[in-house]
Amino acid sequence: ELDPFSVQATREVALALNMNGRCDETLELLRPLKELTPPAGVAGVIRGQCYALKQMWPEAIAEFRWAMETSEARVALAFLGYALARGGRSAEARGILADLLAGRKHSHGAFGIAVVYAGLREYEQVFAWLEKAVGEGSLRVYIMDPLFEDLHRDPRFDRLLQHR
């Protein structure tokens, strides 16, 4: 409230709201960060996650693309792959996955690859790459997002968190 343009403070509040499924509040809170010079790409990542949670795939895709175009938000590429896959554009998601696997593009290492596989609902691959993410230290707090509720219900998820 004291500084609505504080990227760090706003990001933390937005993540907390988002993790609790309060997407409408999150979307509104992040709006000013998109108007900064330079814009805060994290706003597009978290807004994209909210739209994805609401299964508003065109909006999610647009936010992730915006985050990639306007900042160094590297995790946006993985989430773009997720949204494309869940939004029925699997071929495009597989193109991103191929680039990540070949090292032509980067999006938080093994964690990013796991996110794209999650979008494709290829759960054996998801958990294999999440294990690698734990090993390389690339596992991110984003994995706790309600967006990954299908992973949270899998017994492998609890085991994964115990090894962090």
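This is a predicted model: local features need pLDDT of at least 70, side-chain atom pairs count only at pLDDT 80 or more; totals for chains, interfaces and linings use all residues.
The crossing of α7 past α8 is left-handed. On the α7 side, the contact is made by G109, A110, F111, I113, A114, Y117 and A118. On the α8 side, the contributors are Q125, V126, W129, L130, K132, A133 and E136. By class, the residues of this contact comprise ten nonpolar, two polar and two charged.

The fold as a whole is built from helices. The secondary structure comes to ten helices and zero strands. Along the sequence, the pattern reads α-α-α-α-α-α-α-α-α-α. The C-alpha trace spans about 45 × 30 × 25 Å along its principal axes. For 164 residues, a compact globule would have a radius of gyration near 15 Å. The protein has 15 Å, which agrees with that expectation. Of the 164 residues, 48% are buried. Contacts across the sequence were also examined. Among contacts between residues at least 6 apart in sequence, 56% join residues at least 24 apart.

Helix α4 spans residues 57–70, and helix α5 spans residues 75–86. The two pack at an angle of about 160°, with their axes 9 Å apart. The angle is over 145 degrees, and α4 and α5 are therefore roughly antiparallel to each other. α4 passes α5 in a left-handed crossing. From α4, the contact draws on W57, A60, I61, F64, R65, A67 and M68. From α5, it draws on A76, L77, F79, L80, Y82, A83, L84 and R86. These residues divide into 13 nonpolar, no polar and two charged.

I61 belongs to helix α4. Its relative accessible area is 6%, so I61 counts as buried. Beyond residues up to four places away in sequence, I61 touches L80, A83, L84 and R89. Among these partners, L80, A83 and L84 also take part in the contact of α4 with α5 on the α5 side. A residue farther along the chain gives a spatial reference. I61 and L139 are 78 residues apart along the chain, and their C-alpha atoms are separated by 22 Å.

Q49 is placed in helix α3, which runs over residues 41–53. Its relative accessible area is 0%, so Q49 is buried. Leaving aside neighbours within four places in sequence, Q49 is in contact with N18, F64, F79, Y142, D145 and L147.

R94 lies in helix α6, which covers residues 90–102. With a relative accessible area of 40%, R94 is partly exposed. Not counting residues up to four places away in sequence, R94 touches L120 and E122. R94 and L84 are ten residues apart along the chain, and a distance of 9.2 Å separates their C-alpha atoms.

H108 sits in the loop between α6 and α7. H108 is not a glycine, although its phi is positive, at about 60°. The relative accessibility of H108 is 23%, so this residue counts as partly exposed. R121 occupies the loop between α7 and α8. Phi of R121 is likewise positive, near 60°, in a residue other than glycine.

Key
Residues are numbered from 1 along each chain as its sequence is written. Side-chain values use heavy atoms; hydrogens and water are left out. A crossing is left-handed if the near helix is turned anticlockwise from the far one by less than a right angle, and right-handed if clockwise. Helices (H or I, at least four residues) and strands (E, at least two) are DSSP runs, numbered from the N terminus. Contact means heavy atoms within 4.5 Å. Ala, Val, Leu, Ile, Met, Phe, Trp, Tyr, Cys and Pro count as nonpolar, Asp, Glu, Lys and Arg as charged, and the others, Gly among them, as polar. The radius of gyration is taken over C-alpha atoms; the globule rule is 2.2 Å times the number of residues to the power 0.38. Buried means under 20% relative accessible area, exposed over 50%, partly exposed in between (1.4 Å probe, protein chains only). Axes are lines fitted to C-alpha atoms, for helices over the stretch in contact, and angles run from 0 to 180 degrees between N-to-C directions. Angles under 35 degrees count as roughly parallel, over 145 as roughly antiparallel, 65 to 115 as roughly perpendicular and the rest as oblique.
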